[in-house]
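Let's take a walk through a protein model together. Please have your viewer ready, and keep the sequence at hand as you read.

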Amino acid sequence: MSEFDVIIVGGGIAGASLGAEIAHTRRTLIVEAEDQCGYHSTGRSAAFYLESYGGPEVAKLTLASHDFLTAPRADFSEAGFLRVRGDLHLTRDELPDLPPAVETRVVERDELERLIPGIKPAWRRALLEPGCADIHVAGLHAAYLRRFRRDGGVVRTSARMVHATRKAERWTATLADGSSLTAPILVNAAGAWADDVARACGVAPLGIRPKRRTMVQLRVGRSGLRDLPLVDAADGSFYFKGETDSSVWLSPHDEIDTDPCDAAPEEIDIATAIDRFEQVVDWPVERVERSWAGLRSFAPDRLPVYGFDPVVAGFFWCAGQGGFGIQTSPAAAKMAASLLLGSEAPSTVAHINPAVFSPARFSR
Ligand SMILES: Cc1cc2nc3c(=O)[nH]c(=O)nc-3n(C[C@H](O)[C@H](O)[C@H](O)COP(=O)(O)OP(=O)(O)OC[C@H]3O[C@@H](n4cnc5c(N)ncnc54)[C@H](O)[C@@H]3O)c2cc1C
């Protein structure tokens with residue numbers, strides 16, 4: 001079959017979650033360039049759910065995703081996707097200013113020493129965000145794709161879209177193998193490649209820029225780490241969380257401009273991460289167990305982009321999910337689906353103003 005109602009370009013969490021919301025009512029195809037969906041940003045995240053992250057507008061999408069992530073319907077997943085651990089926003093001086101809708105409380109030095117044994121004296125206090133949780137990202141992504149396929153959606157991997165043209169109210173998309181597919185609606189869920197995909201469809205890009213972030217799994221001479229809170233610097237210079245009993249996932253919170261690519265970590269960023277980590281706790285660093293990097297892609301105002309392009313008909317943006325694309329995916333997909341289908345927004349997202357995320361907010 002080569003005729004569809006909707007073609008989604010990109011099989012990461014953005015494309016999979018939107019696909020899962022619309023496949024029951026539209027013949028939908030996901031085309032994914034790699035041989036597996038989730039190979040890029042989705043498979044490389046730090047996997048946490050943090051309500052304060054990304055500012056007040058993103059927080060609305062995150063908060064509206066909470067119940068779905070905690071207790072999804074049984075026909076979607078038998079288990080929830082969150083494991084609560086809390087987050088300490090650590091500071092030497094001023095506490096951070098977080099969105100008012102997010103529950104927090106101040107932790108002074110005495111309590112900090114109990115929560116993070118071995119914390120160095122410079123760190124005076126923290127803001128505890130108790131709702132912070134790990135997300136089972138692979139499970140969530142797989143559940144979206146399962147729902148998508150169960151509702152009749154088709155996934156084609158190793159299927160890079162090279163260009164698309166629009167004629168008589170239909171897109172004809174050409175893949176790298178020369179085959180072509182048609183649909184009246186084309187969704188751009190291409191992550192770091194979102195602007196490239198727009199250009200390949202004759203649509204003006206929005207200025208969505210990929211930024212590399214480095215992650216390091218570090219073995220340390222300390223045990224009992226698995227359930228410690230996520231620890232992040234209020235000044236945005238690092239974060240880490242327990243992964244196994246004696247290892248942590250650590251990031252220097254880097255944000256390095258790069259072209260869309262198969263991102264890999266640089267030695268200097270790994271070294272920076274370890275240096276900053278050693279200034280926080282006295283846990284002896286034993287070795288780097290593994291390291292990886294991924295791309296976080298941002299629109300110029302760092303808000304995601306959901307909605308039809310205001311100039312080119314039938315081109316739907318689902319991009320710019322930055323560092324919050326996993327934790328916002330349930331609510332964002334529901335909101336985007338209602339925009340795409342022209343249907344009423346479900347009650348869980350009815351309070352969120354989709355105009356905030358519209359591509360029409362940019363003048364091009
Ligand atoms: C290190 C790191 C830590 C992060 N931590 C968190 C976190 O803790 N919590 C959180 O919520 N988010 C986090 N994020 C952000 C999150 O991972 C992203 O926002 C999310 O994965 C973006 O999903 P996506 O589907 O848009 O992109 P991707 O997963 O990159 O998917 C886009 C897909 O489009 C495909 N594609 C591109 N061009 C084409 C084409 N022409 N034809 C066909 N397919 C194409 C690509 O191959 C790719 O698979 C983190 C990201 C990184 C890198």
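A word on the ground rules comes first. This is a predicted model, in which local features need pLDDT of at least 70 and side-chain atom pairs count only at pLDDT 80 or more, while totals for chains, interfaces and linings use all residues. Residues are numbered from 1 along each chain as its sequence is written, and side-chain values use heavy atoms, with hydrogens and water left out.

Let's begin with the helices. Here helices (H or I, at least four residues) and strands (E, at least two) are DSSP runs, numbered from the N terminus. Helix α1, residues 13-22, packs against helix α7, residues 329-341, at an angle of about 55°, and their axes are 8 Å apart. Axes are lines fitted to C-alpha atoms, for helices over the stretch in contact, and angles run from 0 to 180 degrees between N-to-C directions. Angles under 35 degrees count as roughly parallel, over 145 as roughly antiparallel, 65 to 115 as roughly perpendicular and the rest as oblique. The pair α1 and α7 is therefore oblique.

Which residues of α1 and α7 meet? On the α1 side they are I13, S17, L18, E21 and I22, and on the α7 side S329, A333, K334, A336, A337, L340 and L341. Contact means heavy atoms within 4.5 Å. By class, the residues of this contact are eight nonpolar, two polar and two charged. In this scheme Ala, Val, Leu, Ile, Met, Phe, Trp, Tyr, Cys and Pro count as nonpolar, Asp, Glu, Lys and Arg as charged, and the others, Gly among them, as polar.

Helix α7 also packs with α2, residues 56-70, at an angle of about 105° with the axes 6 Å apart. These two helices are therefore roughly perpendicular to each other. From α2, the residues L61, A64, S65, F68 and L69 meet S329, P330, A331, A332, K334 and M335 of α7. That contact has eight nonpolar, two polar and one charged residues.

Now for the cysteines. How many disulfides does a search of the whole structure find? The search finds zero, with a disulfide taken as a pair of cysteine sulfur atoms within 2.5 Å. For C37, the closest cysteine sulfur is in C318, 14 Å away, which is too far for a bond. C201 is in no disulfide either, and its nearest cysteine sulfur, that of C318, is 14 Å away. With relative accessible area, buried means under 20%, exposed over 50%, and partly exposed in between (1.4 Å probe, protein chains only). C37 is buried at 16%, and C201 is buried at 7%.

Leaving out residues up to four places away in sequence, T157 touches E32, E34, D35, Q36 and C37. T157 is partly exposed, at 33% relative accessibility.

Finally, look at the backbone. Most residues other than glycine have a negative phi. A47 has a positive phi, near 60°, and sits in the loop between β2 (28-31) and β3 (48-49). A168 also has a positive phi, near 50°, and lies in the loop between β10 and β11 (170-175). Are these alanines buried or exposed? A47 is buried, at 13%, whereas A168 is exposed, at 73%.
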